[in-house]
Amino acid sequence: MCYNGGPSRRSFATLLAAGVGMAALAACTPDNRVATPTSTPSPSGPAPTPAAATTTAVPSAAPSDQPPSGAPPSKAPSAALSQQFSHSDPASQWVIVNKHRPLSPLQFVPADLVQPRVQLAVSGEASLLNSTTATAAEKLFAAATSAGVTLTLASGYRSFQTQTATYNGYASTRGQASADTASARPGFSEHQTGWAFDIGDGGGACSFEPCFADQPAAVWAKANAYKFGFVVRYPWMLNDVTGYYYEPWHLRFIGIEAATDMSKRGIGTLEEYFGLEAAPGYL
C-alpha cells in the first residue's frame, strides 16, 4: 500500500500528463484501468512534511465478514483450507483492508511488533512487522539470498498517526479528492496491520518506481513469495478490484496454504479469493 513519497508522485504525474502509459501507475487510486505497458505505487520513501491537519473521513461502522449482496462468489470454497480466519479482525492474517473496509478499531496497533532479521532499508517503526509476518519474511529473504537475489525491507509497519500526518499533509495542500489519489486514508492502510510490507532490491534500483517490476527482487518475489505465505497484494490491471495500481513491491502475508492455493488457481486479489466486493474507491 502506498507510502506516498511526494517528489515521486509529482514526477509520475508529469509523466502521466506527457502520455507515458506506465507512469500512470503512480496514482494509487484509479478511476479506470491503465493501458498495458511493456514492463511492469505507494512510494515507501519518507513521508512529506505534513501541513496543517484537515478533516479525515472516518467510517461510521466496522465492515462485516459477510459478502454484501451482489458480491462476486468466493473462488475459494470454505472447505479448501484447514483453517479459517476473520476478514474483519485486524489481528487476523486474513483481514481485508481496502477502501471499503477500514480497520476496526481505526487506531489499531499490533500487539507483537518485532524487527525481522533481514536486510533493512529503513529504521524506526517502518522496520517492524507483526511476529508471524516477521518470521515468514526471514524465511522469504533467506531463500532469496540462496537464489542469489537480495531483498530489502523498504517499508513495514505504519502507525495510524504516521498515516494521518501523511494523508492530512496532502489534503491540506491539494484537497481531499486529490489526496485520495496519492495516499491511503488513516485506518485504511494494510501497513497498519503489520501483515504487509514493501520490498526493495539490494542495489536500490527503481525503488517504488514502475521499473521495479523488472528488478531481480520483484521478479523473484512474484514467482516465489507464495511458498512462504505471501501474495503480491496489488496485481497489474486489477486496480478496479483493489483500488490501487500495480505495486510489485507490496507483499501481504496470508499463510502458505492460502497463498499457494491462490497461485495454483491463478486468483489475483484477496477480494476475489474471499468473495468480497471490489473496492475501487472510498464509499
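What you see is a predicted model. I start with helix H2, whose buried residues are Thr133, Ala134, Ala136, Ala137, Leu140, Phe141 and Ala144. They cover an arc of only 165° around the axis, so they sit on the same side of H2. Lys139 and Ser146, on the other side of H2, are exposed.

As for its length, H2 runs over residues 131-146, which is 16 residues. From first C-alpha to last it reaches 23 Å, close to the 22 Å expected at 1.5 Å a residue. After H2 comes Gly148, with a positive phi near 85°.

Next, the largest pocket. How much space lies in it? About 340 Å³. The lining of this pocket is made up of 16 residues, and those nearest the centre are Lys222, Val232, Pro235, Ile267 and Gly268. Three elements each supply at least two residues of the lining: helix H5 (216-224), strand S5 (230-232) and helix H7 (256-265). Sorted by class, the lining has 12 nonpolar, 3 polar and 1 charged residues.

Last, Tyr170, which lies in helix H3, residues 160-174. Is Tyr170 buried or exposed? Its relative accessibility is 5%, and buried means under 20%, so Tyr170 counts as buried. Along the chain, Tyr170 and Ser183 are 13 residues apart, and their C-alpha atoms are separated by 7.7 Å.

That is what I have for today.

How values were computed: Residues numbered from 1 in each chain as written. Predicted model: local features only at pLDDT ≥ 70, side-chain atom pairs only at ≥ 80, totals over all residues. Heavy atoms only, no water. Helix = DSSP H or I, 4+ residues; strand = E, 2+ residues; numbered from the N terminus. Expected span 1.5 Å × (residues − 1). Buried < 20%, exposed > 50% of the residue type's maximum accessible area, 1.4 Å probe, protein only. Arc of directions from axis to C-beta. 1 Å grid on protein atoms, 1.4 Å probe; cavity = no way out; pocket = protein on both sides within 12 Å on 5 of 7 lines; lining within 4 Å. Points joined across faces, edges and corners; volume = space filled by probe spheres on them. Nonpolar A, V, L, I, M, F, W, Y, C, P; charged D, E, K, R; others polar.
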